[in-house]
Amino acid sequence: LVAQDDEDLWSYKLMRKIPSYRPVLAHEVCHYVALRDLDALDATFRKTGAERPWWIDELRKLIRLKGHESQYPLMLEASRRFQRLGWKLGLEAVRRSPLLNGLHFLQLSDTERYENANGVIDCFDNPKGVDEKAFLQFNGDTILLADLPRRTFFEGEEISVPVILSHFDPRIDGGADFSFDLRSRDGKAVCINGRLEQFDLDEHGRREIAQLRLRLPKVDAPQALTLTFTLRTYKGSVVIENAWDLWLYPNRPQTLPPMKATVA
């Protein structure tokens, strides 16, 4: 797949481009663990009469040893939040890839055999609070993607964002209009939006459909932003939407107060 004149001190590398005629799947993606809801699991094991796994008592012992009893509910929610962020980052990276056409999601459900919680549902197939609509925004049959290697920016930067469509839903075809919206959470400091019309959805697969260039405005204070991409079809009014959290910072080091350092 690669030709080069020297293994280490090479002056050229020639890399073959591989056409993707058939689905190539990413294996074991998004194997991100979260904490377990031990009280809910205990209650379900008692209710069903199923044998309690060994690791429930071990985890409770570990929580006591570390002094985390009071803050465990907050830790549980934080771990689930980071797990969902990991899913979004990982699955979008797979769907953006020009080579990969899909994925093998390692675990739909948790298992009772060990303590790690990798699944979207628990080991009794009960929901774990994953919002189906939010999950399908970045892992539905047809999704919009933004290629964003960075998520933090300075005011005045000009950035270029490839708009990628990963389209495999046979029910969605015909034409559609694309729009974007970049705004701060307060809706005041930043509000930029625009649209392009007449995108063809008869062609399936993964392709870059547009390039969005943005000149970021000046801001007086750091701003939490949301960038939203939307495709609205002409037929059936199907709405395909995805969004990303960004940060925008002032870039005026001369206004920072002088810093003092003491070396002892």
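**View 1. Meet the largest nonpolar core, where Leu 144, Leu 227 and Phe 229 touch the most other members out of 30 residues.** A nonpolar core here is a set of buried Ala, Val, Leu, Ile, Met, Phe, Trp, Tyr and Cys residues joined through side-chain atoms within 4.5 Å. Buried means under 20% relative accessible area, exposed means over 50%, and partly exposed is in between (1.4 Å probe, protein chains only). The elements giving two or more residues to this core are β5 (142-146), β7 (158-167), β8 (175-184), β10 (205-215), β11 (223-233) and β12 (239-249). Those names come from DSSP runs, numbered from the N terminus: helices are H or I with at least four residues, strands are E with at least two. In soluble globular proteins, nonpolar side chains tend to be buried together.

A quick note before the next views: this is a predicted model, where local features need pLDDT of at least 70, side-chain atom pairs count only at pLDDT 80 or more, and totals for chains, interfaces and linings use all residues. Residues are numbered from 1 along each chain as its sequence is written, and side-chain values use heavy atoms, leaving out hydrogens and water.

**View 2. Phe 45 and Phe 124 make an edge-to-face pair, 4.8 Å centre to centre with 75° between the planes.** Rings of Phe, Tyr and Trp (its six-membered ring) pair if their centres lie within 6.5 Å; planes under 30 degrees apart are stacked, over 60 edge-to-face, and the rest tilted. This pair links distant parts of the chain, 79 residues apart: Phe 45 sits in helix α1 (residues 38-48), and Phe 124 in the loop between β4 (102-105) and α4 (132-139). Phe 45 is buried at 4%, while Phe 124 is partly exposed at 24%.

**View 3. Glu 155 sits in the loop between β6 (152-154) and β7.** Glu 155 counts as buried, with a relative accessible area of 7%. Its side chain reaches the backbone nitrogen of Val 219 at 2.9 Å. Leaving aside residues up to four places away in sequence, Glu 155 touches several others, including Pro 217, Leu 248 and Arg 252; contact means heavy atoms within 4.5 Å.

**View 4. Three strands line up as an open, antiparallel sheet in the order β5-β7-β10.** Strands pair if DSSP finds at least two bridges between them. At the edges are β5 and β10, each pairing on one side only. Between β7 and β10 there are 10 bridges, and His 167 stands opposite Gly 205 in β10.

Methods: Polar contact = N/O pair within 3.5 Å; in protein donor to acceptor, adjacent residues only side chain to side chain.
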